[in-house]
Amino acid sequence: MPRFTPEEPQAARDRVVPDVVAEGLHVLFCGINPGLMTAATGHHFARPGNRFWPALHRSGFTPRLLKPAEQEELLSYGLGITNVVARASARADELSAEEYREGGRLLAAKVERLRPRLLAVVGVTAYRAAFDDRKARVGPQDRTIGDTRVWVLPNPSGLNAHWTLETMAQEFARLREAAGLPSATADPSP
């Protein structure tokens, strides 16, 4: 990962990071919004300490631990990444309720267009705000978008102490199994 001066990530505030998407994916993962490190690098879940990539691998979605710079490789596994809110910020609490609602509307339209088998929102708080579902919990949701089933995963941020990497990987594995995908690796440890 490139080294940045303290000013460089701050200069990435409000940038938009391109989605990694295609039509008909098995799973479209959806983050809350890009963090400043993601915006500075242009790679999703790029902040050191974010557990998205390790959880993805340990759960059997990928045969090896991918680096954020290898995000395009996800498409070869039928996986993609987008965000509820497109603009980058230092923290998710900098986003307004209106941004979440508009992000949920735009996300639903994107899902209708791309038709993934499953939409996996990483972060229950973001899902609740985007889809006005205050009672949502981690796991499968009753909501569908067209034929796409919706699942909520734990937020992989290193700040989310409620979930360890192992329990997070278990939840990701439940999603993989629900998608009908075999484990990409016999030994998912990194």
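What you're looking at is a predicted model, so local features need pLDDT of at least 70, side-chain atom pairs count only at pLDDT 80 or more, and totals for chains, interfaces and linings use all residues. Residues are numbered from 1 along each chain as its sequence is written, and side-chain values use heavy atoms, with hydrogens and water left out.

**Overall build**

- The chain has 6 helices and 5 strands, where helices (H or I, at least four residues) and strands (E, at least two) are DSSP runs numbered from the N terminus.
- Start at the N terminus and the elements run α-β-α-α-β-α-β-α-β-β-α.
- The chain is as compact as a globular protein of its length, because its radius of gyration of 15 Å is close to the 16 Å that the globule rule gives for 190 residues. That radius is taken over C-alpha atoms, and the rule is 2.2 Å times the number of residues to the power 0.38.
- Along the principal axes, the C-alpha atoms fill a box of roughly 45 × 35 × 30 Å.
- Of the 190 residues, 47% count as buried; buried means under 20% relative accessible area, exposed over 50%, and partly exposed in between (1.4 Å probe, protein chains only).
- Take the contacts between residues at least 6 apart in sequence, and 72% of them join residues at least 24 apart. A contact means heavy atoms within 4.5 Å.

**Charges and salt bridges**

- There are 24 positive and 22 negative side chains, and the centres of the two sets lie 3 Å apart. Lys and Arg count as positive and Asp and Glu as negative, while His and the chain ends are not counted; the place of a charge is NZ of Lys, CZ of Arg, CG of Asp or CD of Glu.
- Side chains of opposite charge can pair when their charged atoms come close.
- A search of the whole structure turns up 12 salt bridges, each one a side-chain nitrogen of Lys or Arg within 4 Å of a carboxyl oxygen of Asp or Glu.
- One of them joins Arg87 to Glu99, with the closest N and O atoms 2.5 Å apart. This pair links distant parts of the chain, 12 residues apart: Arg87 sits in the loop between β2 (79–83) and α4 (97–114), and Glu99 in helix α4. Arg87 is partly exposed at 22% relative accessible area, and Glu99 is partly exposed at 22%.
- Arg91 pairs up with Glu94, their closest N and O atoms being 3.5 Å apart. Arg91 is partly exposed at 49% relative accessibility, and Glu94 is partly exposed at 26%.
- Glu171 and Arg174 meet in a salt bridge at 2.9 Å, N to O. Both lie in helix α6 (residues 165–178), 3 residues apart, about one turn of the helix. Glu171 counts as buried at 9% relative accessibility, whereas Arg174 is partly exposed at 40%.
- Salt bridges also link Arg64, Glu70 and Glu73 into a network.

**Loop residues to look up**

- Arg13 is in the loop between α1 (7–11) and β1 (27–31), and it is partly exposed at 30% relative accessible area.
- Leaving aside neighbours within four places in sequence, Arg13 touches Leu36, Ala88, Ser89, Ala90 and Glu94. Arg13 and Ala40 are 27 residues apart in sequence and 8.5 Å apart in space, C-alpha to C-alpha.
- Ala161 belongs to the loop between β5 (148–153) and α6. Ala161 is exposed, with a relative accessible area of 72%, and 24 Å separates its C-alpha atom from that of Ser96, 65 residues away along the chain.

**Positive phi angles**

- Phe45 isn't a glycine, yet it has a positive phi of about 55 degrees. Phe45 is in the loop between α2 (36–41) and α3 (52–58), and it is buried at 12% relative accessible area.
- Arg115, another residue other than glycine, has a positive phi near 55 degrees. Look for Arg115 in the loop between α4 and β3 (118–122), where it counts as exposed at 52% relative accessibility.
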